[in-house]
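Please open the model in a viewer and keep the selection tool at hand.

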Amino acid sequence: MEVKMIMKKIVKQVVLLLLMLLVLSTAAYAAGMIDAQREVTLAVSYQDGDTPLVGAEFCAFLVATADDVGELTATDTFAQFNVDIQGRNDAAWKTLASTLEGYVLRDGIAPTDSGKTDKDGTLTFPTGDGKLAMGLYLVLGQRHTQDGYRYDAAPFMVMLPTQDAAENEWLYDVTVTPKYDSAKLPDTPTTVT
């Protein structure tokens, strides 16, 4: 009788384990494997309504590399900060971006790539002949002034490639529109001589 109960318990645990593995593998492979041979790009589209914000500077920092199923491993530079890079929802990534921005500014961490928006308010990474690694990036925008306004882009995280849940596929060319705060600059008084 006791052997029968032990066997039932073992069978239940094995079934539970198999169900858990099935659920985890379904989530991990929902969009299939990442094609490591494909290149990734990140386009930043910076606009105030219909007005392109021209000459705005953005820096991208590789925080973690991604394997062929999208699992992240922190880079040596960012592993030292012991932050959770696994959270993949807007709230978690907003908090992570703010936290990492503080470390980048404090420690003077060099960006992976940087550049300025063009006449259309667009900046595409990589900016040179190099390639971007697949992984999780922190993107920071510098304060920008244009047409009497000041613009401060919020820091953000972006995964390259990004998983498109609706189409169930990986997107290798990602376009983002940064959120920002803006304020009208005070008029500069003219001096009369």
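**Whole chain**

Select everything first. This is a predicted model, with three helices and 15 strands in the protein. Of its 193 residues, 33% count as buried. The accessible surface amounts to about 12,300 Å², and carbon and sulfur atoms account for 55% of that area. Among contacts between residues at least 6 apart in sequence, 71% join residues at least 24 apart.

**Colour by confidence**

Next, colour the chain by pLDDT. The average for the protein is 86, and 80% of the residues score at least 70. Which elements mark the lowest and the highest mean pLDDT? Helix H1 (residues 2–28) has the lowest, at 53, while strand E7 (residues 122–125) has the highest, at 98. Now select residues 15–29, where the pLDDT is below 50. Beyond near neighbours in sequence, this stretch has two contacts in the model. Where pLDDT is low, the predicted coordinates should not be read in detail.

**Tyr-46 and Phe-58**

Turn now to the rings. The structure holds six aromatic pairs. Select Tyr-46 and Phe-58: their rings form an edge-to-face pair, 5.0 Å centre to centre, with 85 degrees between the planes. Tyr-46 sits in the loop between strand E1 (41–45) and strand E2 (47–48), and Phe-58 belongs to strand E4 (residues 57–66), twelve residues apart from Tyr-46. Are these two side chains buried or exposed? Tyr-46 is buried, with a relative accessible area of 0%, and Phe-58 also counts as buried, at 1%.

**Tyr-180**

Because Tyr-46 lies in the loop between E1 and E2 and Tyr-180 in strand E15 (residues 180–184), the pair ties together parts that are 134 residues apart in sequence. Tyr-180 is partly exposed, with a relative accessible area of 26%.

Lys-184 lies over the face of Tyr-149, at 5.5 Å from the ring centre.

Definitions and conventions:
Residues are numbered from 1 along each chain as its sequence is written. Side-chain values use heavy atoms; hydrogens and water are left out. Rings of Phe, Tyr and Trp (its six-membered ring) pair if their centres lie within 6.5 Å; planes under 30 degrees apart count as stacked, over 60 as edge-to-face and the rest as tilted. Helices (H or I, at least four residues) and strands (E, at least two) are DSSP runs, numbered from the N terminus. Buried means under 20% relative accessible area, exposed over 50%, partly exposed in between (1.4 Å probe, protein chains only). A charge sits over a ring if NZ of Lys or CZ of Arg is within 6 Å of the ring centre and within 35 degrees of the ring normal. pLDDT is the predictor's confidence in each residue, from 0 to 100. Contact means heavy atoms within 4.5 Å. Accessible areas come from the Shrake-Rupley method with a 1.4 Å probe; for residues, only the protein chains shown count as cover.
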